[in-house]
Amino acid sequence: MMAVVAQQPDGAEELALVERPVPKPGPGEVLVKVAAAGVNRPDILQRRGLYPPPPGAPDTLGLEIAGEVVAAGEGAEPLIGERVCALVAGGGYAEYCAAPAGTCLGVPEAISLVEAAAMPETLFTVWVNLFERGFAADGDWVLVHGGTSGIGTMAIALGQLFGLHLIVTCGTDEKCLRATELGADAAINYRTQDFVEEVHRVTDRHGVNVVIDMMGGDYVPRNLACLAEEGRHVSIAVQGGATAEIAIFDIMRRRLTLTGSTLRARPVEFKTMVADEIARTVWPYVAGGKLKPVIDSVFPLSRAAEAHARMDAADHVGKTVLEIGK
C-alpha cells in the first residue's frame with residue numbers, strides 16, 4: 001500500500017509518499033480500506049518532529065479515518081463490509097489502516113466518507129473536554145479560541161445541539177463573520193479587539209462558564225479573567241506557550257477549576273468509552289443529518305504536503321481532508 005510519513009528525525013519538515021506493507025489487524029482491531037483521512041494540528045507537529053507517535057503506533061501520519069472494514073483481528077466485532085470512521089493513534093494517511101474496533105463508529109447514509117473522516121479527532125476532543133472535563137450544561141456560556149478551526153467549528157456545532165452559548169476568537173473579520181454564520185453567538189477578532197473586555201460585554205459582565213483553550217502561555221491569565229465564578233478552564237494545546245503565570249488567590253476566591261487533557265496517548269479502553277458515549281448522545285444527530293463537519297478543502301493522498309501547507313497558512317475554515325485513491 002501507499003502511505004505518507006514524515007522525514008524525521010533528519011530535521012526536514014517534509015512528507016514522503018512511500019510503499020509500506022498492509023498492516024494486519026491485531027487483537028481487538030479491524031482493518032479499514034481507507035477512503036479518506038482527516039488532517040489535524042498534531043499531524044503538523046509530528047511532521048516537525050515535535051509530537052512523536054506513542055509507543056506501538058505506526059510512524060505513518062493520520063489520527064482519523066473513514067472507509068470500509070475488510071478484515072478483523074481476534075476478538076474484534078465482525079464489521080466486515082461496513083462503512084466506519086475511527087479514531088486511531090496513527091496510520092491514517094494510507095490506503096489501509098488498522099483501527100481499534102472500539103473506536104469505530106458506523107457511517108450513516110446522511111454523511112459521506114469524506115465528511116466522516118473529518119469527525120473523530122475533533123468530535124472526541126470537544127466531547128471529552130467541553131462536556132466531561134468542562135461540565136458544560138444547557139445555557140452555559142463557553143469561550144473557544146480558534147473559532148474557525150476544526151475544533152472551533154465542531155464546538156459551535158455541538159453548542160447548538162446542546163443549548164450552549166458560544167463565543168469564539170478568530171484572527172480576521174472574515175473568519176469572525178464565518179463563525180457567526182456557523183452559529184457562534186459572538187466572534188471576536190483577537191488582533192483588533194481585547195477578547196477579555198468583549199467577553200464581559202457580550203455576557204453582561206457575568207463571564208463565561210467554560211473556556212476551551214488551545215493557546216496556553218499568556219492567554220491563560222486572560223482566559224481566567226473571562227471566567228464567571230465556579231468557571232472551568234480546559235487546556236487542550238499550548239500553541240502559544242507551555243507555561244503561564246497566574247494569580248492563585250484569584251482561583252481560590254472565585255472557586256475556579258483548571259484542567260485539561262490530551263487524547264492520542266490515552267488507552268484504547270478510554271477511547272472506547274468515549275466512542276460509546278458519542279454513539280449514544282451525538283451520533284443520532286449525525287444519522288439524522290443534523291450534525292456535519294465543516295469541510296475546508298480536500299486533497300488526494302499524493303498531495304498531503306499541500307494539505308499541510310493549507311493548515312500551516314491558517315487560512316482554512318473547518319477541516320482539511322485527504323481523499324485516498326484520488
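1. Glutamate 174 is exposed, at 60% relative accessibility. Exposed means over 50% relative accessible area, buried under 20%, and partly exposed in between, with a 1.4 Å probe and protein chains only. Glutamate 174 lies in helix α5, residues 173–182. Helices here are DSSP runs of H or I with at least four residues, strands are runs of E with at least two, and both are numbered from the N terminus.

2. A word on the basis. This is a predicted model, in which local features need pLDDT of at least 70 and side-chain atom pairs count only at pLDDT 80 or more, while totals for chains, interfaces and linings use all residues. Residues are numbered from 1 along each chain as its sequence is written, and side-chain values use heavy atoms, with hydrogens and water left out.

3. Alanine 157 lies in helix α4. Alanine 157 is buried, with a relative accessible area of 15%. Glycine 216 is 59 residues away along the chain, and the C-alpha atoms of alanine 157 and glycine 216 are 24 Å apart.

4. How do α3 and α4 cross? Their axes come within 9 Å and cross at roughly 60 degrees; α3 spans residues 120–133 and α4 spans 150–161. Axes are lines fitted to C-alpha atoms, for helices over the stretch in contact, and angles run from 0 to 180 degrees between N-to-C directions. The pair is therefore oblique. Angles under 35 degrees count as roughly parallel, over 145 as roughly antiparallel, 65 to 115 as roughly perpendicular, and the rest as oblique.

5. Contact means heavy atoms within 4.5 Å. The residues divide into seven nonpolar, three polar and no charged. Nonpolar covers Ala, Val, Leu, Ile, Met, Phe, Trp, Tyr, Cys and Pro; charged covers Asp, Glu, Lys and Arg; the others, Gly among them, are polar.

6. Helix α3 also meets α9, residues 268–281: the axes come within 10 Å and cross at roughly 85 degrees. That makes α3 roughly perpendicular to α9. From α3 come Leu123, Phe124, Trp127, Val128 and Glu132; from α9 come Phe270, Lys271, Val274, Ala275, Glu277, Ile278 and Thr281. This contact has eight nonpolar, one polar and three charged residues.

7. Helices α6 (195–202) and α7 (219–226) have axes that come within 9 Å and cross at roughly 15 degrees. They are therefore roughly parallel. The crossing is right-handed. Phe195, Val196, Val199 and His200 of α6 meet Tyr219, Arg222, Asn223, Ala225 and Cys226 of α7. By class, that is six nonpolar, two polar and one charged.

8. Which residues of α11 are buried? In this helix, residues 304–312, they are Ala304, Ala307, His308 and Met311. They cover an arc of only 100 degrees around the axis, so they sit on the same side of α11. The arc is that of the directions from the helix axis to the C-beta atoms. Their cover includes β1 (2–6), β2 (15–19), β3 (29–39), α1 (41–47), β14 (295–300) and β15 (319–323). Just after α11, alanine 314 takes a positive phi of about 60 degrees.

Terms used. Left-handed = near helix turned anticlockwise from the far one by under 90°.
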